[in-house]
Amino acid sequence: MDLNNYNKTFFEIINERFSCREFINERIKTEEVEQILEAARLAPTAVNFQPQRIFVVENDALLEKLKEATRFTFDAKTVFVICYDSNVSYKRGNDGKDFGDIDATIVATHMMLAAQALNIGSCFVASFKEDILKNILSIPSNYNITCILPVGYPKEIKDHNDRIDVGDFVFYK
C-alpha cells in the first residue's frame with residue numbers, strides 16, 4: 001500500500017474536513033477502506049497497547065439493521081464501528097483510569113483525516129444504543145464501542161464548520 005501519493009498538506013486536510021451527513025449511493029473502494037484502516041493502525045495509543053477493535057460494516061442487511069441502534073448512519077455504504085478492548089487498554093497506575101476510550105477516539109480521528117485525504121466524507125457519531133449495536137454485530141462484552149464512523153463520497157462539499165478563535169480556548173501561564 002503506497003501511502004506517499006497524497007498531494008494535500010495536513011492543514012489543507014483539516015481545513016476541508018467537515019461532518020458529512022449526506023453520501024452518494026456508492027460504496028467506497030476496498031483500497032480506500034484499507035488505507036483508512038492503515039491510518040487506524042498507525043494512530044498512537046497509550047503505552048502503545050493498541051486496544052482498538054474496528055468492525056467494518058458493508059453488508060446491506062447489516063447496514064439496515066444498524067438503524068435499530070442509531071438513526072445516524074446517513075445511509076452510508078460503509079460504516080466503521082470503533083471499539084476498544086478493555087482487557088487490553090492501558091489503565092493508569094495511580095487511579096486506574098482506562099484510556100481505551102481516548103485511544104479509540106484518537107484512532108477515529110486518524111481515520112477521519114485519512115478519509116478526507118482521499119476525498120471521502122465522514123461523521124463521528126456517538127449517539128447509539130450500545131447493547132443493540134453489540135447484539136447486531138456480535139461484539140464481545142469486553143469491547144466497548146466508542147463511536148461509529150459512517151464514510152462515503154459526499155453528495156456535496158460543505159464549508160468547514162464555524163470555529164471559535166484560538167484565544168477563546170487557549171490559556172498561557
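I began at one pairing: Ser-122 has Val-151 in S4 as its bridge partner. Before going on, I noted that this is a predicted model, where local features need pLDDT of at least 70 and side-chain atom pairs count only at pLDDT 80 or more, while totals for chains, interfaces and linings use all residues. Residues are numbered from 1 along each chain as its sequence is written, and side-chain values use heavy atoms, with hydrogens and water left out.

**Entry 1: the sheet**

I looked up how the strands are arranged. They form an open sheet of four strands in the order S1-S2-S4-S3, with antiparallel pairing. S1 and strand S3 (121-122) are the edge strands, and each pairs on one side only. I wrote down the rule for pairing: DSSP must find at least two bridges between two strands.

Next I went through the pairs. S1 and S2 run antiparallel and are joined by six bridges; Val-56 stands opposite Phe-80 in S2. S2 and S4, also antiparallel, are joined by eight bridges. Here Thr-78 has Val-151 in S4 as its bridge partner. S3 and S4 are antiparallel too, with two bridges between them.

How many residues of strand S4 (residues 143-152) are buried? I found nine of its 10 residues buried, so the strand is mostly covered. For my own use: buried means under 20% relative accessible area, exposed means over 50%, and partly exposed lies in between, with a 1.4 Å probe and protein chains only.

**Entry 2: the whole protein**

I then stepped back to the overall layout. The secondary structure comes to five helices and four strands, and along the sequence the pattern reads α-α-β-α-β-α-β-α-β. Helices (H or I, at least four residues) and strands (E, at least two) are DSSP runs, numbered from the N terminus.

I checked the radius of gyration, which is taken over C-alpha atoms, with a globule rule of 2.2 Å times the number of residues to the power 0.38. With 173 residues, a compact globule would come near 16 Å; the protein has 17 Å, which agrees. Its C-alpha atoms fill a box of roughly 50 × 45 × 35 Å along the principal axes.

Of the 173 residues, 41% are buried. I also looked at contacts, meaning heavy atoms within 4.5 Å. Among contacts between residues at least 6 apart in sequence, 78% join residues at least 24 apart.

**Entry 3: Cys-123**

I picked out Cys-123, in the loop between S3 and helix H5 (130-137). Is Cys-123 buried or exposed? Cys-123 is buried, because its relative accessible area is 3%. Leaving aside neighbours within four places in sequence, Cys-123 is in contact with Ser-19, Cys-20, Arg-21, Phe-74, Ile-148, Leu-149 and Pro-150. I also looked towards Lys-173, 50 residues away along the chain: the C-alpha atoms of Cys-123 and Lys-173 are separated by 35 Å.

**Entry 4: two positive phi values**

Phi of Phe-74 is near 55 degrees, a positive value in a residue other than glycine. Phe-74 sits in the loop between helix H3 (60-65) and strand S2 (78-85). Phe-74 counts as buried, because its relative accessible area is 19%.

Asn-48 is not a glycine either, and has a positive phi of about 55 degrees. I found Asn-48 in the loop between helix H2 (30-42) and strand S1 (52-57). Asn-48 is exposed, because its relative accessible area is 52%.

Gln-116 belongs to helix H4 (residues 100-117), and Gln-116 is buried, with a relative accessible area of 9%.

Last, I turned to Asn-7, in the segment before helix H1 (10-16). Asn-7 is exposed, with a relative accessible area of 76%. Asn-7 and Ala-117 are 110 residues apart along the chain, yet I noted a separation of 8.4 Å between their C-alpha atoms.
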